[in-house]
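Here are my notes for your first look at this protein. Keep the structure open as you read, and find each residue as it comes up.

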Amino acid sequence: MAASRGAKIGIVLVVLAVILVGVLFVADRIAASTAQDRITDETRKQLAANSVTYEGNPSVKIAGFPFLTQVLAGKYEKITIALTKPQIENVKLEELTVDAKAVKADARDLMNGTGEVVAGEVAGRATMTWDNVRKLLEFTNLPQGVDPSAVDVKVVNNKIELRIPFAYQGFKVMIIANGTMVVESGKVRLKLESVTTDQGNLPKFVNDIIQANKSRLQVTVKLPGLPYNLVINSAETTDSGLLVIASAKNVPLSSQ
């Protein structure tokens, strides 16, 4: 009888433990969902204040489990905010993803929708197609006879290739400029490595013009300022477009 009673008590304790774990899990997920809704609302407000539009709704995910321990500590492992096809100052991006780390927020303020939410570090990744990059190319010191809107941009062997139609005194030739994207002082520009043409033997006066402008030609991607005070650190090229990587520190995620 005593053994039977002990077995029953053990079963009851196991059942109670399972129920308790389940209740805590549900409470943890409800708290995480509430916090994500709060960050989503704040994201909408901040983006609207900066005239940033996008498709659908911002995607907000709070990493780390359990969530309630983060709430009690007032520190959050990582909050990821993702936007689909955001548009900033008439510039169209494909995607913008922001990872906020070392986020601090008072537990009551976070759950009630008041107070500040501040990220110690923010890392951003923005992508855009070559069609949209082409519209942002800003040329300096182009030779006369070149129409910037006619410049074609593509990636060949992981290098940027510009094909620039050039006409001078009835002579037409395609200038081919190759280089890589670099970032200087937060701005993305093309570092030219070679400038050739699609023709072998050129008239001397045409070749002289090309050679004279080769070292002076500068190409910049005129990107708008990114949300959350993100500063561009690097740029990478892909077959489909441009990937920009940016960062910032001590960034408010709330509109308080």
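1. Start with a term. Two residues are in contact when heavy atoms of theirs lie within 4.5 Å. Take the contacts in this protein between residues at least 6 apart in sequence: 56% of them join residues at least 24 apart. Remember that the model is predicted.

2. Next, the overall make-up. The protein has 5 helices and 13 strands. It has 256 residues, and 37% of them are buried. Its accessible surface is about 14,400 Å². Carbon and sulfur atoms account for 53% of that surface.

3. Now look inside. In soluble globular proteins, nonpolar side chains tend to be buried together. Here the largest nonpolar core holds 59 residues. Which of them touch the most other members? They are Ile79, Leu162 and Met181.

4. Stay with Met181. Set aside residues up to four places away in sequence. Met181 then touches Trp130, Ile160, Val188, Arg189 and Leu190, among others. The list also includes Val221, Ala235, Thr237 and Leu242.

5. Turn to helix α5, residues 204-214. Which of its residues are buried? They are Val206, Ile209, Ile210 and Asn213. Seen down the axis of α5, these buried residues fall within an arc of 95°, so they line one face of the helix. Their cover includes three strands: β8 (159-168), β9 (171-184) and β10 (187-197).

6. Check Asn132 in helix α4, which spans residues 130-136. Is Asn132 buried or exposed? Buried means under 20% relative accessible area. Asn132 has 13% relative accessibility, so it counts as buried. Leaving aside neighbours within four places in sequence, Asn132 is in contact with Lys92 and Glu94.

7. How many cavities of 30 Å³ or more does a search of the whole structure find? The search finds 2.

8. Finish with the largest pocket. Its volume is about 180 Å³. There are 13 residues in its lining. Nearest its centre lie Asn50, Leu226, Pro227, Tyr228 and Asn229. Helix α1 (2-49) and strand β13 (241-252) each supply at least two lining residues.

Terms used: Residues are numbered from 1 along each chain as its sequence is written. This is a predicted model: local features need pLDDT of at least 70, side-chain atom pairs count only at pLDDT 80 or more; totals for chains, interfaces and linings use all residues. Side-chain values use heavy atoms; hydrogens and water are left out. Helices (H or I, at least four residues) and strands (E, at least two) are DSSP runs, numbered from the N terminus. Buried means under 20% relative accessible area, exposed over 50%, partly exposed in between (1.4 Å probe, protein chains only). Accessible areas come from the Shrake-Rupley method with a 1.4 Å probe; for residues, only the protein chains shown count as cover. A nonpolar core is a set of buried Ala, Val, Leu, Ile, Met, Phe, Trp, Tyr and Cys residues joined through side-chain atoms within 4.5 Å. The arc is that of the directions from the helix axis to the C-beta atoms. On a 1 Å grid over the protein atoms alone, a cavity is a set of points where a 1.4 Å probe fits but cannot get out, and a pocket is an open set with protein on both sides within 12 Å along at least five of seven lines; lining residues have an atom within 4 Å of a point. Grid points are joined across faces, edges and corners, and a volume is the space filled by probe spheres set on the points.
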